[in-house]
Amino acid sequence: MTHAVKKQGILDNPSLASLIILIYTAVTSTLMLTVATTANNLVQALFFAAFLGTVVLTFKSKANTWAKILSLAPALMVVMPIIGIRNEFLLEVVLQIVIYAALALGLNIVVGLAGLLDLGYVAFFAVGAYTWGIFGSAQIGRITGAGGEGLDGNWFWLFLALAVIVAIIVGVLIGLPVLKLKGDYLAIVTLGLGEVIRVFANNLTPVTNGPNGVLGINPPHIGWFHTLMSPIINRFELTEPQVFALFLYFLVLVVIAVIVLFNMRLDQSHIGRSWIAIREDEIAAQAMGVPLVRTKLIAFATGASFAGVMGAIFAIKQTAVSPEDFTFFQSIGVLVMVILGGMGSIPGVIVGAMAVTWLQLDFLKSLSEYLNTLPAFQNNGVFDPAKYEKLFFGLLLIFMMLFRPQGLLPAVRKHIKIPESATVNSGVSQQPVQEVK
Amino acid sequence: MSDLQIWQQIILQGLILGVVYAIIALGYTMVYGVLQLINFAHSEVFATGAVVGYQVLSLLSGTEMNGYVKIIIALLVAMLISGGLNILIERLAYRPLRGAPKLVPLITAIGVSFLLQDSLRLFINIKEKTDRLSYPSVLGSEKIMGLTPTELLLIIVGAIMLIGLNFLVNRTKLGTAIRAVAQDGQTARLMGINTNNIISLTFFIGGALGGVAGVLWGVKFTQVDGYIGIIPGIKAFTAAVLGGIGSIPGAVVGGLVLGFLENLIGAISVFGIKMSFTDNAFLKGIGSVLMNIGAEWKDVGAFMALIVILIFKPAGLLGKATTEKV
């Protein structure tokens, strides 16, 4: 089997690529730091995209590891927090990006690797959010009749783990009966289950407080974070909400780092290859000894766990969760991120999450704000660009799929080359198999 | 109301809602049958039909015409425009992607759906300076055979659509061609069928059905906007899957079952509170369980039923279990 030799781009030369990404990061960081508070929102959104591009470029280039770390670490650990302090909106965008990136990585396992079309994925997100939402607010007192303000914020850490476990249990419970369904039947059943969970949240008023949602969710105490960051906090005279936003930022960064590492290991593991085998051909996979139900259930549960953990974090970020946060469109949104980014590709779905969240929260909003200031749209009372963000988004989706159906960063699988000497005499490989890119 | 009247209402309303679901579901099923594609934009084709119907009816509202004639004109125009729109969607968003992985056209379908939702709202906004449209009532309120004219209209138009489609698909040359393409596009092409034309035609028929359903929906529920397609779209897709997606009688059965179930559960959640089912211990029991809950439970009931049915019949009520090609 021969593979087409890809033309060498400048990003394929490690030392050149290292230089380029370092310069790029430095330039965009500087630009971002200078315009973060001054320029108009649209310009800011574009510069912000360039800054986010750092992550993409770092993933895609073949730069040396040291250069990657040297460009990403300061950008994420220093530049972004400073931008966030100066411009809370951009920090909010980044928090949303990371939350959705985690969801997209979870759904990527279910849809991208195992090939199970799940249209109700946001249900697991809801499960995680409500798990801490109910216990960490006055709602638990109302359920038991004991009153009170809910569990102390420090229980959050335990519930972060519990949210994962509950999401996994729900994933298995949902998965077990429906996994023998195929393709579109699975899609509609998961869609239905997602709706069922939303309707439960909406109508099981004694437990979930119905459409009003759970309010006043206790965040964990972050005294230690204060102490840790006290020089910075004092230097910039940060307010309490700003410190909490910073804390959330570092929290989601840690969680997403764990999730990404986990994904990278899974991708190359036995189970990861089983998922792909099932996606490619269920019957052949079964014939080769892949246990279908178990493998699919693990995919469901793993995907659910990421959503569960982010759900709990979402609960403390918003301090309130309501059924409105978990609609069918959220599930569709995450699916769009996965496919737009490149199914089955870890950097791809992260880029997908970035692109979609940035477009929806930042760019399209800024664009319509800007258009509203133009004379053509003044006082006409009919066409308000802010109302038609979905129209642009729809157009972008169509054009994206027409011109780049494989996604922004398609998955690249490592090929396993079996040395010829191993195949000449017997079918069993006598030498260790070499793995090459 | 006595129990008998309640039951009559449940069955009648279930039938009417079911007919509308069935007509929308047929649009999904036709397209799915030939392309194996979930046409998410179908909800918006349906909404377009509803808006077009409104425009035609309000244009005709000044004229001295019989109400039924007005509605027939509205139905025909809606069929043409929705069908044409569906052809256009297929040309621009799906045809270039034929042969791509299944999820890719699914995303363009979602994109088209978003695009159309806001375009419809823009259109309504520019023409009517409002976001919501109220259908003019063109039919009187005089009951015929115990049914309101709207109910009668829905049942009759629904029946005509279903019988007509059945005739078209099973008894005409065109229908044979559609079935051939649905079964095996490649072989059909070898047999001299222009598959592209047949696919366009299928999209036209599916869109026309969506348009009809949109007008009927508007006549029944009177309020229309750019987003009305979403919920009926999901329900109708559910109905199509429930009956066995790709199967035409399946879509009808699925629509009727779903409509009936929704109304039954809705009625229990409303009348159960009032304890109207005095002489039926079972229903009284269900009623007391479902006390104090919103009407949204009918959706839960419908989806739960879907899940249970699919667990026992994984290919839907009338779907054939597909044999795997190895």
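Q: Which helices each supply at least two residues of the lining of the largest cavity?
A: In this predicted model, the lining of the largest cavity draws on helices from chain A and chain B. The helix of chain A that supplies at least two residues is helix 15 (328-341). From chain B, the helices that each supply at least two residues are helix 2 (42-60), helix 4 (103-128) and helix 9 (230-243).

Q: Which residues lie nearest the centre of the largest cavity?
A: The lining of this cavity is made up of 16 residues, which divide into eleven nonpolar, four polar and one charged. Those that lie nearest the centre come from both chain A and chain B, and they are A:Phe328, A:Phe329, B:Phe40, B:Ser43 and B:Ser113.

Q: How much space lies in the largest cavity?
A: Rolling a probe the size of a water molecule over the atoms shows where empty space is left. Counting cavities of 30 Å³ or more gives three, and the space in the largest cavity is about 150 Å³.

Q: What distance does helix 5 of chain B reach from its first C-alpha to its last?
A: Helix 5 of chain B runs over residues 149-171 and has 23 residues. At 1.5 Å a residue the expected value is 33 Å, and the helix comes close to this, reaching 32 Å.

Q: What percentage of the residues in chain A is buried?
A: Chain A holds 18 helices and two strands, and its accessible surface comes to about 19,700 Å². Buried here means under 20% relative accessible area, and among the 437 residues in chain A the buried ones make up 52%.

Terms used:
Residues numbered from 1 in each chain as written. Chains lettered and ligands numbered in written order. Predicted model: local features only at pLDDT ≥ 70, side-chain atom pairs only at ≥ 80, totals over all residues. Heavy atoms only, no water. 1 Å grid on protein atoms, 1.4 Å probe; cavity = no way out; pocket = protein on both sides within 12 Å on 5 of 7 lines; lining within 4 Å. Points joined across faces, edges and corners; volume = space filled by probe spheres on them. Helix = DSSP H or I, 4+ residues; strand = E, 2+ residues; numbered from the N terminus. Nonpolar A, V, L, I, M, F, W, Y, C, P; charged D, E, K, R; others polar. Expected span 1.5 Å × (residues − 1). Buried < 20%, exposed > 50% of the residue type's maximum accessible area, 1.4 Å probe, protein only. Areas by Shrake-Rupley, 256 points an atom, 1.4 Å probe, with all protein chains shown as cover.
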